[in-house]
Amino acid sequence: MHDEKILKILRNNADTHTSSDELCKVTGVSRTAVWKHIEDLRREGYDIEASPHLGYKLVAIPDSLIPGEILWKLRTKIIGRSVLSYKKIDSTNDSAYALAEKGIAEGTVVIAEEQTKGKGRHGRKWESPPKSGIYMSCVMRPEMAPNEIAKITLLAAVAVAKAIRRFTGLEAMIKWPNDIIINGRKVCGILTEMKAEQDSIDFIILGIGVNVNTPAASLPKGASSLKEELGRPKKSDGISRVGFVKYMLESIEEEYLRLRTKGFTPIMEDWRSMSLLPGSKIKVLLPNRTIEGEAHDIDSDGSLIVRLDSGVLEKVSSGDVVMLR
Ligand code: BT5
């Protein structure tokens, strides 16, 4: 509480020193207590200069995925208004799911520096090495039928691809249904899970994993990170994960509000314009068979439409796509 107050004052006066008397006055605690709070902030990674005559000055902020940083100047009303952050967790999706079952508010975000059991789709693993990527899950409570869940996955793909484009200038593309690809390599995966009644969604957990500063050596073959794709090999050239998280949260909210007010069509149009697949020869691995053909389009419910070699159009709602050329 006092840490936050002190941090706020230091941030607002980042170009100058703030005396300890001033900090005592605003927080209502003693000089010794102020010093202790400064030490707490330093332990979190804030670089605070202390001068006996002038007071304290904030020199650098940490790139840690902590609420104080994520919430600072975050311009959203729903998404990320409440953030729970962990240094290490099994899976942010599992944690958010348990919280959502207890009724936690829409927009709550669980975020971690590392996952020990990061989940992909169909029981696959999501590699989540520490302090280099973003692993986050957002609780959504849309008024939708359960068979509309794909809309949220597609919405998230559009939001993340836009956030990457805006933040880095890289040409992020979407590969149906849930991958974000740059130069042919996967930099982000999305996993949506839900709890639903017969005809309405109780909640959706929107899980997003982004390789931000992750070295390619810590990732599976065919994967990459934003830093790698920007061609910044030096360790010190990292991208601000906190800055990027804010862009993502703001982008998700923008698309979510657009879905509410304008429906799914505009999102689908954006999705199409960033989609890697249309026109490509593809193979789709379905649970018990494989089909081959040309990616034709996506349907209004988020399914992929494949034009089989026979000319017949087939709709698939979940599966893995391999691009054949
Ligand atoms: C996904 O699954 O792409 C969804 C990944 C969702 C991860 C987030 S992190 C926060 C939240 N909490 C969780 O526990 N999960 C979510 P899928 O389409 O099944 O892709 C999985 C496959 O991608 C793996 O089998 C690997 O081949 C590859 N892969 C694993 N880790 C990767 C990484 N860090 N970057 C790129 N590719 C990866």
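Helices (H or I, at least four residues) and strands (E, at least two) are DSSP runs, numbered from the N terminus. The structure above is a predicted model, in which local features need pLDDT of at least 70 and side-chain atom pairs count only at pLDDT 80 or more, while totals for chains, interfaces and linings use all residues. Residues are numbered from 1 along each chain as its sequence is written, and side-chain values use heavy atoms, with hydrogens and water left out.

**Exercise 1.** Find the strand that holds Leu 285, and state whether Leu 285 counts as buried, partly exposed or exposed.

*Solution.* Begin with the position: Leu 285 is found in strand β10, which covers residues 281-285. Next, recall the classes: buried means under 20% relative accessible area, exposed means over 50%, and partly exposed lies in between (1.4 Å probe, protein chains only). Because its relative accessibility is 35%, Leu 285 counts as partly exposed.

**Exercise 2.** Describe the open sheet that 7 strands form, giving the strand order and the edge strands.

*Solution.* Start from the rule that two strands pair if DSSP finds at least two bridges between them. The order is β3-β4-β5-β9-β8-β7-β6, and the pairing is mixed. At the edges stand β3 (83-86) and β6 (173-175), each of which pairs on one side only. Neighbouring strands of this sheet are turned by 20 degrees against each other on average, direction ignored, where axes are lines fitted to C-alpha atoms, for helices over the stretch in contact, and angles run from 0 to 180 degrees between N-to-C directions. To look at one pair, take β4 (residues 109-112) and β5 (residues 133-140), which run antiparallel and are joined by 4 bridges; here Ala 112 stands opposite Tyr 135 in β5.

**Exercise 3.** Work out how β1 and β2 are connected and how they run.

*Solution.* Strand β1 (residues 47-51) and strand β2 (residues 55-60) run antiparallel and are joined by 5 bridges. Within this pair, Ala 50 faces Tyr 56 in β2.

**Exercise 4.** Characterise the surroundings of Ser 85.

*Solution.* First place Ser 85, which belongs to strand β3, and note that Ser 85 is partly exposed, with a relative accessible area of 25%. Then list its contacts (heavy atoms within 4.5 Å): leaving aside residues up to four places away in sequence, Ser 85 touches Leu 65, Ile 66, Pro 67 and Ile 111. Finally, Ser 85 and Gln 115 are 30 residues apart in sequence and 12 Å apart in space, C-alpha to C-alpha.
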